[in-house]
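The sequence and structure come first.

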Amino acid sequence: MHRSRPVTWVGTWMAHWIACVATAFVGLVALQATARAESQKLIHSERSLYREVLVYETGNERCMCFTRRCRIGRQTCLDMRNPDRFIMNYPQMMMSALYLKPRPQSILIVGLGGGSMPRVLAKLLPEAAVDVVEIDPAVVSVAKKYFAFQPSAKVSVIESDGRVYVKKAIREQRHYDLVMLDAFDHEYIPEHLLTQEFLREVKALLSPDGVLAANTFSSSRLYDHESVTYASVFGEFYNLRRDNRVILATNGVLPAVSEAERNSVALQPLLEPFGVHGNRNMELFTTRRDWNDKARLLTDQYSPANLLNR
Amino acid sequence: MQVILSYVIAGWSGFFVMAVELLGGRLLAPSFGSGIYVWGAIITIFMLALSLGYLAGGRWSVDRPSVRRLGGILLLAAVTVLPILMFGDAMLDWVAETIADPRGASLLAAICLFFVPTFFSGMISPYAVRLLVNDRASSGKHAGQLYFVSTFGSAAGTLLTSFYLVLILEVNQILLALMGISLLLGVAACVVRGSANASE
């Protein structure tokens, strides 16, 4: 056990004893978790209509969590020494969307989190208009106060349910070159954002050759259902799998891997400072259907995503 | 027979109401999301419709009560779910386009879709109490048993629908199945011999 403050011999003995018992009965994993939890400092918590939004700091890392001690997943993290660098893997994977559409003029992001993606995109593409839809006003205020997120003339935040906004935007005949879906967490999936009807609406919102990037799951029974549902709307798509899963689909013809590769090389100097790994991302590009094609489609009529995600 | 039917209908009605309420969340989600406003609106309208239904059911039980009429109420509650299946989507689109505020919109949507069937469902329990109570001394006992059956049915409807039925069937298929069972029970109550008060 690592402790920064000196302990008395009793304390040492106790710690040793506890460590032995813990190792014997609970195992090393639990012990490491305890050590991490001990160094975690809660610096802010805010209750909202939906949940408690918590901000923890561990060393130079600041994270937004929706559960105490970040028990179930971290929403987003910020490197306080270098706020523009993605620490977590999935947002830098999401940037692979730019390999399919290097210069999007209009971007819609569903799910703000700490706002790292809109922040980076605004720096990268100063001329692009970025709309972020976030359902929870508390997440917006925490992102502003603790995660250096600042709306601007080009970056606007809309407090709304993702699907409600998508429907409204269709009615107003808006179109986006790039749509990024990042509204899921490990605890709960908004089921109406994972149905064939919703994906059709998103597709209708994309401009010709527009790109959809979705951050989702890579495991559980839901994988098959999710894959079949995306395939039913977009046909072939790029399926990037690590701990998370990022789906890249287009409204038109899916660009070839060679084209994505060329774009990734050209963009790498611009993306490098943000911690985007072009080579590693390109290695993940595949259109292989590694799922059960017979899985049932998710629709507005049949959407037990949370029950399937176990 | 009439006593059993009164209990069964009350229990089933409890099941029916909660199953429809949970599915109501599913139906509203594509247009209004699944946030706290939407659930707040749904629960408000269900409670309001039930409360008015209790009042109406109690009043109506004064005039020549019978199991046949109780079955009739159950049939009405089932039949008025049909418009949800037939015009639900069009109605939701219309509300979403008319009202911008998510709270007002989900309230109006919940009223349009669920008020009428839930109102009729609310009539069931007080009406059934009238059929079961023989005298003042046992009235509390009968009412308690009826509340038990009805609320236990609600618990079962909530659990089965949210944990299992949505995993097997589509929303509309579940609604049709619920209607089917209500129709069977309602018809059974209508054809059961003797229309007199069960307690007489």
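## Basis and overall fold

Among contacts in chain A between residues at least 6 apart in sequence, what percentage join residues at least 24 apart? The figure is 69%, where a contact means that two C-beta atoms, placed from the backbone, lie within 7 Å.

The model is predicted: local features need pLDDT of at least 70 and side-chain atom pairs pLDDT 80 or more, while totals for chains, interfaces and linings use all residues. Residues are numbered from 1 along each chain as its sequence is written, with chains lettered from A and ligands numbered from 1 in the order in which they are written.

## Sheet of chain A

Seven strands of chain A form an open sheet with mixed pairing, in the order E7-E6-E5-E8-E9-E11-E10. Strands E7 (155-159) and E10 (238-241) of chain A are at the edges with a single partner strand each, so one side of each has no neighbour in the sheet. From one strand to the next the twist averages 15°.

Within chain A, strand E5 (residues 106-110) pairs with strand E6 (residues 129-134) in the parallel sense over five bridges; pairing requires at least two DSSP bridges. Leu108(A) has Asp131(A) in E6(A) as its bridge partner.

## Helices H7 and H8 of chain A

Helix H7 (residues 162-171) and helix H8 (residues 196-205) of chain A pack at about 45°, with axes 10 Å apart. Axes are fitted to C-alpha atoms, for helices over the stretch in contact, and angles between N-to-C directions run from 0 to 180 degrees. H7(A) and H8(A) are therefore oblique (under 35 degrees is roughly parallel, over 145 roughly antiparallel, 65 to 115 roughly perpendicular, the rest oblique).

The contact involves Arg163(A), Val166(A), Lys167(A), Ala169(A) and Ile170(A) of H7(A) with Phe198(A), Glu201(A), Val202(A), Ala204(A) and Leu205(A) of H8(A). H8(A) also lies across strands E8 (176-181) and E9 (206-216) of chain A, at about 140° to E9(A).

## Gln2 of chain B

Gln2(B) belongs to helix H1 (residues 2-32) of chain B. Gln2(B) is buried, with 21 other C-beta atoms within 10 Å. Ser66(B) is 64 residues from Gln2(B) in sequence and 8.9 Å away, C-alpha to C-alpha.

How values were computed. Helices (H or I, at least four residues) and strands (E, at least two) are DSSP runs, numbered from the N terminus. A residue is buried if 20 or more other C-beta atoms lie within 10 Å of its own, exposed if 12 or fewer, and partly exposed in between; C-beta atoms are placed from the backbone.
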